[in-house]
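Please keep the sequence and the model in view while reading.

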Amino acid sequence: MASSAAVAEISAPREARESVVVRFAGDSGDGMQLTGGQFTQATALAGNDLATFPDFPAEIRAPTGTTFGVSSFQINFGSRRIKTSGDAIDVLVAMNPAALKVELPNVREGGVIVADVGSFSERNIKRAGFAANPLEDKTLDAYRVVEIDVSALTMEAVKESGLGKKDALRCKNFWTLGLVYWMYGRDRKATVDWLNGKFAKRPDLAAANIAALNAGHAFGETAELDDMPSYSVAAAEIAPGQYRTVSGGEALAWGLVAGANKAGLEIMFGSYPITPASPLLHILSRLKQFGVVTFQAEDEIAAVCSAIGASFAGHLGITSSSGPGIALKGEAIGLAISTELPLVVVNSQRAGPSTGLPTKTEQSDLYQAVYGRNADAPLVVLASRSPSDCFETAVEAVRLATKYMTPVMLLTDGYIANAAEPWLIPDVDKIPPFNVTFRTDPEGFHPFVRDEKTLARNWAVPGTPGLEHRIGGIEKAYGSGHISYDAANHQKMTDTRKAKIDGIANDIPEQIPEQGESSGKIAVVGWGSTFGPIDRAVSNVRADGHAVSHIHLRHIWPMPRNLGALLANFDKVLVPEMNTGQLVTVLRAEYLVPAERVSKVSGQPFKIGEIEGAIRAHLEA
């Protein structure tokens, strides 16, 4: 077995860069997500700030060599604060012609393209949709192209492993990773250790992949190709503390556990698999030691109803899905609103409508979250802005759900769920507890006796002596909870449920700009995963002296009580969203402000340049 690799040697002057965007792209079976994940780990260990964007096909396995099957992983890293996965690609690793075809429009002029020429067969070139070999015509004249027969060099590197051709070629992603490690002076030890652990029962596979990794690194060190660049990216200045790389799914799961702990409750998570929400089920299922019970139901309706039942029994009921699944849960969510039980509903948004593009991201469920139920059935809606922010947003979701006895919908999306970034691990002891107090006194008990301030009803665990009661979806008499068909009572109950949710506006922070002043020419209002590109775009135009501010919403419903007055201080309100203008509609309806949309619905996150361009266009208008 190959030994652990030494720390990367830097034998030649390197070009210093403040930040870099690298994208690995290949067939869905080429291991691009794994390659990107290992490069992310090495980059984090090197001290860079970073953000990632895994982008993979919806099909489980599209035909090999076609553009439909291209899987890619992008990472933006640097010595400065990184808030997005990056705009134009500086270095593209193209494992085949299809990957080059799909990703070429995103490569900056003068950028580096590392191409595995061994995969550029006439058949693959035709399958990718090129009329001729792009490496031989003028297609790539605007770029620095590094042509390497990665396939052949990988076969040579692993020939002593005894692997067959098929398994040997599967190591070429690690050959490429070794080359990119050399380009950026990365240490290979963490990856070598990971491979030895991953293939502990198949040491031959571990040895072959390590050999490929080292061979790719050695090639970069010794080949002396004219177009082969090497860079140095200094460590970022970040606050001291213990960090780890975290995905949105991980931070969300841990935030729910932390929130439940602060409430003094155990979690019952009922869910049905759906992309991109499934990772939350996978992660929570491994947290039994924290009092987490997970249940993979037979369908979405059973999943949410099991969570509602758990809440009735005194647990924290949580369910999750994506847009189509949330639609199926709709009637049961109405039941939770009617019974006034705490319930956290996580919606990992994806492209739609109907089943949509399961692996592509959108923000198109805001209407569904705010309005998408029968009758007047308000609930709380929150949105996380980044992978690490999912932790704090999840804690807030649990706090509001338990304090106000209401469902809370937490919006994330496919980008946040799968992306990763460094996370300063918080001191959970510093999070204030908000322990739930169950009703135990039978004196004067009725299940719908309310707290005068929060309007939340009693929460009595079934089986508590003297507190026997029933609840259900049929309208109840105010105060007693007995079934009621009285018209005046229905009016009062509807008004009370609305007043309870509206009153939460007094229990959340007032809105302040993330950047800029509280008045000016333009307020750029965002929510969810648009935070990073909006923040950087606003920063760029403010650097030119323009009075532009960034306002980002975590509390979508109810909105912060000062939001209307804040927006009225600006000449224009721009709302970049990955939908056709859903928050714009809500802002116009609530505050009568002339908000204008900046819309993108392509399954891809916003680029900084797209938002910056829209802001500058409105400044000049």
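The model is predicted: local features need pLDDT of at least 70 and side-chain atom pairs count only at pLDDT 80 or more, whereas totals for chains, interfaces and linings use all residues. Residues are numbered from 1 along each chain as its sequence is written, and side-chain values use heavy atoms, with hydrogens and water left out.

An open sheet of mixed pairing is formed by seven strands in the order 11-10-12-13-15-14-19. Strands (E, at least two residues) and helices (H or I, at least four) are DSSP runs numbered from the N terminus, and two strands pair if DSSP finds at least two bridges between them. Strand 11 (292–296) and strand 19 (555–557) are the edge strands, each pairing on one side only. Strand 13 (residues 343–349) and strand 15 (residues 407–413) pair in the parallel sense over seven bridges; Met409 in strand 15 is the bridge partner of Val345.

Helix 9 (residues 248–263) and helix 14 (residues 389–404) pack with their axes 7 Å apart, at an angle of about 35 degrees. Axes are lines fitted to C-alpha atoms, for helices over the stretch in contact, and angles run from 0 to 180 degrees between N-to-C directions. Residues making this contact (heavy atoms within 4.5 Å) include Trp254 and Leu256 of helix 9, and Phe391 and Val398 of helix 14.

The largest nonpolar core has 89 residues, and Val525 and Leu583 have the most contacts inside it. Such a core is a set of buried Ala, Val, Leu, Ile, Met, Phe, Trp, Tyr and Cys residues joined through side-chain atoms within 4.5 Å. Helix 14 gives the largest share of this core, nine residues. Apart from this core lies another, of 41 residues, among them Phe73 and Trp175.

Most residues other than glycine have a negative phi, and most peptide bonds are trans.

| Cis peptide bond | Omega |
|---|---|
| Gly352 to Pro353 | near 5 degrees |
| Trp557 to Pro558 | about -5 degrees |

Glu340, although not a glycine, has a positive phi of about 55 degrees, and Leu592 likewise has a positive phi of about 55 degrees. Glu340 is buried, with a relative accessible area of 1%, while Leu592 counts as exposed at 76% relative accessibility. Buried means under 20% relative accessible area, exposed over 50%, and partly exposed in between (1.4 Å probe, protein chains only).
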